[in-house]
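Please look over the chain below. The report that follows takes up its salt bridges, its surface and its confidence scores.

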Amino acid sequence: MSGVAEQMIHADSAMDLWAYFLAGLPATIAAITAAVVAVRSRSHNRAIRSQVENDHDTNLRDDIDKVTAIVQTVDERTRRIGDEQIREQKARREADKRTNDQISEFVEDVLTRLDRQDRIADKYHPGEP
């Protein structure tokens with residue numbers, strides 16, 4: 001080896017060149033790795049951008065805000081339906097209780113009348129079945 005290489009790195013022999021080569025190898029590998037990562041990162045960023053950017057007239061944030069508003073409206077309506085069902089169940093239970101109370105009163109009245117009939121029958125028709 002002679003000339004420029006020897007003068008630039010002051011290498012006295014091929015062994016010195018190998019030593020310089022091996023000393024610079026990790027930095028070279030790191031630089032190549034960084035370049036590969038940068039290229040992959042750019043392509044990955046392009047892929048992400050193609051998923052986020054679209055050809056619609058509205059942007060993604062506005063679309064998400066509209067969906068959020070719709071979900072809130074549906075939630076509010078669902079809550080109102082649930083409240084209405086609770087009121088209907090309560091009214092139904094109250095109506096059932098009133099009906100049951102009326103039936104109980106009716107049964108009690110019928111039993112009282114039957115008892116009265118039995119007493120009248122026993123009083124005026126003793127010994128008859």
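## Arg79 and Asp75

Arg79 and Asp75 sit four residues apart in helix H3, which covers residues 60-124. That spacing is about one turn of the helix. The two residues form a salt bridge, and their closest N and O atoms are 2.6 Å apart. This is a predicted model, so the distance is a computed one.

Arg79 has a relative accessible area of 47%, so it is partly exposed. Asp75 is partly exposed as well, at 41%. The class of partly exposed lies between the buried cut-off, under 20%, and the exposed cut-off, over 50%.

## Two further pairs in H3

Side chains of opposite charge can pair when their charged atoms come close. Glu76 and Arg80 are one such case: their side chains meet in a salt bridge, with 3.1 Å from N to O. Both residues belong to helix H3. They are four residues apart, about one turn of the helix. Glu76 has 42% relative accessibility and counts as partly exposed. Arg80 also counts as partly exposed, at 47%.

Further along the numbering come Lys97 and Asp101. Their side chains form a salt bridge at 3.2 Å, N to O. Again both partners lie in helix H3, four residues apart, or about one turn of the helix. Lys97 is exposed, because its relative accessible area is 52% and the cut-off for exposed is over 50%. Asp101 is partly exposed, at 34%.

How many salt bridges does the structure hold? The total is six.

## A nonpolar patch on the surface

Charged pairs are one part of the picture. Nonpolar side chains are another. Met15, Trp18, Phe21, Leu22, Leu25 and Ile29 form a nonpolar patch on the surface.

Where is Ile29 placed? Ile29 belongs to helix H2, which spans residues 14-52. Ile29 has a relative accessible area of 48%, so it is partly exposed.

## The chain as a whole

The protein chain has three helices and zero strands. Read from the N terminus, the order of elements is α-α-α.

What share of the 129 residues is buried? Buried residues make up 1% of the protein chain. The accessible surface of the chain comes to about 12000 Å². Carbon and sulfur atoms account for 58% of that surface.

## Confidence

The protein chain averages a pLDDT of 83. A score of at least 70 is reached by 84% of the residues.

Which helix has the lowest confidence, and which the highest? Confidence is lowest in helix H1, residues 4-9, with a mean of 51. Confidence is highest in H3, at 93. H3 is also the helix that holds Arg79 and Asp75, Glu76 and Arg80, and Lys97 and Asp101.

Notes
Residues numbered from 1 in each chain as written. Predicted model: local features only at pLDDT ≥ 70, side-chain atom pairs only at ≥ 80, totals over all residues. Heavy atoms only, no water. Patch = residues over 30% accessible without salt bridge, like charges linked within 9 Å, V, L, I, M, F, W, Y side chains within 5 Å. Areas by Shrake-Rupley, 256 points an atom, 1.4 Å probe, with all protein chains shown as cover. Salt bridge = Lys/Arg side-chain N within 4 Å of Asp/Glu carboxyl O. Helix = DSSP H or I, 4+ residues; strand = E, 2+ residues; numbered from the N terminus. Buried < 20%, exposed > 50% of the residue type's maximum accessible area, 1.4 Å probe, protein only. pLDDT = per-residue confidence, 0-100.
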